[in-house]
There are 2 protein chains.
Amino acid sequence: MAHGAGGKASRRLVEGLFAPLLYPGSQEPLNDAAHLEVGGTRIAFTADSFVVKPLRFPGGSIGELAINGTMNDLAVSGAKGVAITVTFVLEEGLAASVLEAEVRAMSKALKKAGAVIAGGDTKVVERGKADGMYITTAGIGTPLPGIKVDARSVRPGDKILLSGPIGDHGITILLARGDLDFEADLCSDTRSVLPLVEALAAECGPGIRWMRDPTRGGVATALNELARDSGLGIELLEEEIPMHDAVRGACELLGLDPLHIANEGQFLAIVSSEYADIALNALQQTAGGEEARMIGQVQVEPANAVLVTTRYGGSRIVDMLVGDPLPRIC
Amino acid sequence: MAHGAGGKASRRLVEGLFAPLLYPGSQEPLNDAAHLEVGGTRIAFTADSFVVKPLRFPGGSIGELAINGTMNDLAVSGAKGVAITVTFVLEEGLAASVLEAEVRAMSKALKKAGAVIAGGDTKVVERGKADGMYITTAGIGTPLPGIKVDARSVRPGDKILLSGPIGDHGITILLARGDLDFEADLCSDTRSVLPLVEALAAECGPGIRWMRDPTRGGVATALNELARDSGLGIELLEEEIPMHDAVRGACELLGLDPLHIANEGQFLAIVSSEYADIALNALQQTAGGEEARMIGQVQVEPANAVLVTTRYGGSRIVDMLVGDPLPRIC
């Protein structure tokens, strides 16, 4: 299960098996979407599979997640999604109303994102084989002008921005499964981050070095990947990291680190220091970005690692997610 | 299960649920890949999920099928695949060697097709789900110059070409499951059809009206869709349809119609009558196209239907696949 959790084992799988066979010789860092030249035009291209359990949860559902997840991967790569393909693997006996609800959710999310469905496919597998449905979306988009997202362009002194509170999605899913005797007034943060990315691009395009949406594996995994890809150190200020009390409480009770919990509607941006205030202001002035914060900075040390300075002045190294405390959250 | 079989129920699902919600107001016939304008360039875009059981079978495996299936959808839409995304849903406990074998098969198929992997995703689900692995591929491509594939351009008198013998894939999968006390020296026909499509495009581009690869639902379903989309009738000459004896024998024993059996390395082309001989010759002169045949023609009657003239001079209407005699063949 850990190989699907988006953390250390996932990265090992990609670096140890997929990349050597599928991209022999490539030295490019891994991004959320590839930008490639097709017929003389730059196109961004990405894909994700969704196996979230349960299919519906407070604040969203698998269909909506499948659209926004792929649109967000395009957005944080510096592109605006244009078209998407959708494929379903359906479990035999799935109620038509359940499928219809998800198609409606997708349609609504697409309209909001200003993208179209280019096509898709449906397979049906026997009872017990697919938990209702799995959805895979692939998306293509056009680069936002004036932005380049590249871990290798990150420099010591750059600032780290976060678009809003962390952990809402992962903890919401955990609670929605009903395995815990614990209730909280919490919703998934699933949404399109494109309006926030566009605001950032408009105000401080040249200052943007890198972006990522911290989904599986959370903020800690995303920033550990950046630390490794850039060879630099990341310092986070714990007290600056926005978080709802319900998330903090659930994590304390369960012994989870909120920095490892998945988000579906947030993103991290590394911005050069001279643009940092403008960037933070651009996010906070955009609807949905009011809770954005500057949560730390890039340093020379500790190289390849993420250091958290706690609210009491101590510090700790936070690794990528290891294992999978919360499987099947997207 | 029938909703995933690619026949009548699948079409009802698409026309009754997906299309009205996802493409409101569209009158375009459904094609294997969408051609759309992105950043000023025409791009072909398609996706397919693969849930074939077993994962490996004589002549191929799920990984190779996932690459060729998507590249073929692009090819028969009149495009050359350029880049592909791959997402895996893996079953917990899957042997690394099984995954590695499929990644190797994909790498080999990609190299042959001259395309690259743009990215992907991996999810892991619990034991008992996903039968080892499900794979979804999405592909983008550039239009082959001088070809337009459109069911509405088909005219009475046009000829129907088929690239080679039918039914090998479906019957191979059926036998590979070992449920039948029946053996045959048969391999899946899985392969890239692009070299054949390119040969056709080079020799008779303006004569090509429509192409399709008759996968799930077979030749009968693909041509019934064409009959409906064009409002015309399709006449097939049974004795012209190439078929291996093992496929004919298995179908007779099992009461299956070979016209409903899935293929993974063949395609149908509708060509205007003045180009028909040139087109057939172009296919037969290309490696892998030696067994191509002209199998019938387009007529005014029977409108919206497919009529097969049997080898004894009788005739029968062949409908789309109804139900699913062979589930999970791709």
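**View 1. Helices α4 and α7 of chain A cross at roughly 65°.** The axes of α4 (residues 168-176) and α7 (residues 245-254) of chain A come within 10 Å; axes are lines fitted to C-alpha atoms, for helices over the stretch in contact, and angles run from 0 to 180 degrees between N-to-C directions. Helices (H or I, at least four residues) and strands (E, at least two) are DSSP runs, numbered from the N terminus. This is a predicted model, in which local features need pLDDT of at least 70 and side-chain atom pairs count only at pLDDT 80 or more, while totals for chains, interfaces and linings use all residues. Residues are numbered from 1 along each chain as its sequence is written, chains are lettered from A and ligands numbered from 1 in the order in which they are written, and side-chain values use heavy atoms, with hydrogens and water left out. Which residues meet here, with contact meaning heavy atoms within 4.5 Å? From α4(A) come A:Asp168, A:Ile171 and A:Leu174, and they meet A:Val247, A:Ala250, A:Cys251 and A:Leu254 of α7(A).

**View 2. Helix α4 of chain A is mostly covered.** Eight of the nine residues of α4(A) are buried, where buried means under 20% relative accessible area, exposed over 50%, and partly exposed in between (1.4 Å probe, protein chains only). Among them are A:His169, A:Gly170 and A:Thr172. The buried residues of α4(A) pack against β3 (56-57), α2 and α7 of chain A. Just after this helix, look for A:Gly178, with a positive phi of about 75°.

**View 3. A:Asn72 sits in helix α2 (residues 62-76) of chain A.** Is this residue buried or exposed? A:Asn72 is buried, with a relative accessible area of 0%. Leaving aside neighbours within four places in sequence, the contacts of A:Asn72 include A:Arg191, A:Asp213 and A:Glu264.

**View 4. Strand β5 (residues 79-91) of chain B is largely enclosed by the rest of the structure.** Eleven of the 13 residues of β5(B) are buried. On to its partners: two strands pair if DSSP finds at least two bridges between them. Eleven bridges link β5(B) with the antiparallel strand β7 (residues 133-143) of chain B, and B:Leu90 has B:Met133 as its bridge partner in β7(B). With β6 (residues 116-125) of chain B, β5(B) pairs in the parallel sense over nine bridges; here B:Ile84 is partnered by B:Ile117.

**View 5. Seven strands of chain A form an open sheet with mixed pairing.** The order is β9-β11-β8-β12-β10-β13-β14. β9 (208-212) and β14 (315-317) stand at the edges with a single partner strand each, so one side of each has no neighbour in the sheet. On average, neighbouring strands are turned by 25° against each other, direction ignored. Within the sheet, β10 (residues 233-237) and β13 (residues 306-309) run parallel, joined by four bridges, and A:Glu235 stands opposite A:Leu307. Helix α5 (residues 194-204) of chain A packs on the sheet, touching β9 and β11 (268-271).

**View 6. The loop between β12 (293-299) and β13 (306-309) of chain B holds B:Pro302.** The peptide bond from B:Glu301 to B:Pro302 is cis, with omega near -10°. B:Asn304 lies in the loop between β12 and β13 of chain B as well. Phi of B:Asn304 is near 65°, a positive value in a residue other than glycine. B:Asn304 is partly exposed, with a relative accessible area of 40%.

Definitions and conventions
Contact = heavy atoms within 4.5 Å.
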